[in-house]
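Dear colleague,

Here is the structure I promised to pass on to you.

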Amino acid sequence: MNRIIGILFAIIVFVSCNSQKVYSDFDISYSKSGGFAPVYENLLIKGNNVHYSFEGQGKKYKQDFKISNEDLKKLDQVLSQNNFRRIQEDHKKLYDNISTSINIKKGPNEGSKSDASMITPNYQTNWNNILEAFQQIINTNVKKQ
């Protein structure tokens with residue numbers, strides 16, 4: 001009996017650990033979360049594989065798709081042209097705000113930025129251009145129910 005319980009426990013641990021792998025193993029991530037009525041949106045890119053999830057506004061869905069090398073190159077160009085690494089985050093306190101975080105784990109634009117406490121005004125246009133590039137990938141590839 002103890003053996004069966006041990007095996008079941010091991011299976012549960014393995015399945016639960018494996019289900020979170022998609023959220024930690026990525027090259028590029030775009031996540032939007034928060035707000036008075038919370039919204040959670042994630043776009044995770046690993047190679048040419050993309051995992052998208054959305055939860056909020058009474059909706060919940062996930063979708064996996066492939067992104068072309070050309071689209072990845074365009075995204076990298078937008079990050080470079082808008083000086084992703086040089087964007088400065090402000091330190092104002094904001095509450096009940098939907099914030100966006102972008103994490104790049106490899107390549108020349110490697111870094112992490114968030115507008116959780118705003119972006120300094122002189123980099124706001126750059127930040128908006130980068131957000132638009134991610135939103136364009138979502139709008140082009142995600143089939144929302």
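Leaving aside its neighbours within four places in sequence, which residues is Asn109 in contact with? With contact taken as heavy atoms within 4.5 Å, they are Asp76, Leu79, Ser80, Phe84, Arg85 and Ile104. Asn109 sits in the loop between β5 (98-104) and β6 (111-114), and with a relative accessible area of 6% Asn109 is buried, a word that stands for under 20%, whereas exposed is over 50% and partly exposed lies in between (1.4 Å probe, protein chains only). The side chains of Asn109 and Ser80 are also joined by a polar contact of 3.1 Å, that is, a pair of N or O atoms within 3.5 Å, where within protein one must be able to donate a hydrogen and the other to accept it, and residues adjacent in sequence count only if both atoms are side-chain atoms.

Before going further, please keep in mind that this is a predicted model, in which local features need pLDDT of at least 70 and side-chain atom pairs count only at pLDDT 80 or more, while totals for chains, interfaces and linings use all residues. Residues are numbered from 1 along each chain as its sequence is written, and side-chain values use heavy atoms, with hydrogens and water left out.

The chain has three helices and six strands, in the order α-β-β-β-β-α-β-β-α along the sequence; helices (H or I, at least four residues) and strands (E, at least two) are DSSP runs, numbered from the N terminus. Of the 145 residues of the chain, 37% count as buried.

There are also pockets to look at, a pocket being an open set of points on a 1 Å grid over the protein atoms alone, where a 1.4 Å probe fits, with protein on both sides within 12 Å along at least five of seven lines; lining residues have an atom within 4 Å of a point. The largest pocket holds about 210 Å³ of space, and its lining includes Asp76, Leu79 and Ile104, with helix α2 (residues 69-81) giving the most to that lining, four residues. The second largest pocket holds about 170 Å³, and among the residues that line it are Leu75, Val78 and Ile137. Both α2 and α3 (124-141) give two or more residues to the lining of this second largest pocket, and the largest share, five residues, comes from α3.

With best wishes

Notes. Grid points are joined across faces, edges and corners, and a volume is the space filled by probe spheres set on the points.
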